[in-house]
Amino acid sequence: MLSKSLLRASNSLAKVFKSPRSCRNMSDYAPTVKEPHMNDIPVPHEPFEVGYKKRQVGNNFVLFSGIAFFTFSAFFVINSGVLYPNLTPPKKNPE
């Protein structure tokens, strides 16, 4: 009974600690590497002007939304009385 349990233990240890001959090393792995070539470079699929105009639509939207947000914020701050712009000198009390 003891010999069977020792045999099972040695078999399980042998599975955990495999000999180096039975393990595969990273040096055995040889991937197929494709050499870079000029044909791999992407080619434009539309004229420059068309792509430029598409990008500018998004850029203009960001610009105008920023201007609108700044205008709304400045209008709200000035009208709420939180900030006084001091555009003119203060009026003196006549005494």
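1. Lys-53 and Glu-49 both sit in helix H2, which runs over residues 48-80, and they are 4 residues apart, about one turn of the helix. Their side chains meet in a salt bridge with an N to O distance of 3.4 Å. A salt bridge here is a side-chain nitrogen of Lys or Arg within 4 Å of a carboxyl oxygen of Asp or Glu. Side chains of opposite charge can pair when their charged atoms come close.

2. The basis of the note is as follows. The model is predicted, so local features need pLDDT of at least 70 and side-chain atom pairs count only at pLDDT 80 or more, while totals for chains, interfaces and linings use all residues. Residues are numbered from 1 along each chain as its sequence is written, and side-chain values use heavy atoms, with hydrogens and water left out.

3. On secondary structure, the protein chain has 2 helices and 0 strands. Both kinds of element are DSSP runs numbered from the N terminus: helices are H or I with at least four residues, strands are E with at least two. Just after H2, Gly-81 takes a positive phi of about 85°.

4. An unreviewed UniProt entry annotates residues 61-84 as "transmembrane region". UniProt positions follow the numbering used here, feature names are shortened, and annotations may be inferred rather than shown by experiment. In the model, the span of residues 61-84 is 83% helix and 0% strand, with its end C-alpha atoms 31 Å apart.

5. Of the 95 residues in the protein chain, buried residues make up 1%. Buried means under 20% relative accessible area, exposed means over 50%, and partly exposed lies in between (1.4 Å probe, protein chains only). The accessible surface of the protein chain comes to about 10,100 Å², and 67% of that belongs to carbon and sulfur atoms. Areas come from the Shrake-Rupley method with a 1.4 Å probe, and for residues only the protein chains shown count as cover.

6. A search of the whole structure finds 3 salt bridges. One of them joins the side chains of Asp-40 and Lys-34 at 3.5 Å, N to O. Asp-40 has 44% relative accessibility and so counts as partly exposed, whereas Lys-34, at 66%, counts as exposed. Another joins the side chains of Glu-46 and Lys-54 at 3.3 Å, N to O. Glu-46 is partly exposed at a relative accessible area of 29%, and Lys-54 is exposed at 54%.

7. The structure holds 2 aromatic pairs. Phe-48 and Tyr-52 form a stacked pair, 5.8 Å centre to centre with 25° between the planes. Rings of Phe, Tyr and Trp (its six-membered ring) pair if their centres lie within 6.5 Å; planes under 30 degrees apart count as stacked, over 60 as edge-to-face and the rest as tilted. Both residues, Phe-48 and Tyr-52, lie in helix H2, 4 residues apart, about one turn of the helix. Phe-48 is exposed at 66% relative accessibility, and Tyr-52 is partly exposed at 39%. The rings of Phe-72 and Phe-76 have centres 6.5 Å apart and planes at 20°, so this pair is stacked too. Phe-72 and Phe-76 are separated by about one helical turn because they are 4 residues apart in helix H2.

8. Phe-72 and Phe-76 are both exposed. With Val-77, Val-82 and Leu-83 they make a nonpolar surface patch of about 530 Å². Patches are made of residues with over 30% relative accessible area and no salt bridge; like charges are joined within 9 Å, and nonpolar side chains (Val, Leu, Ile, Met, Phe, Trp, Tyr) within 5 Å. Val-77 is placed in helix H2 and counts as partly exposed at 30% relative accessibility.
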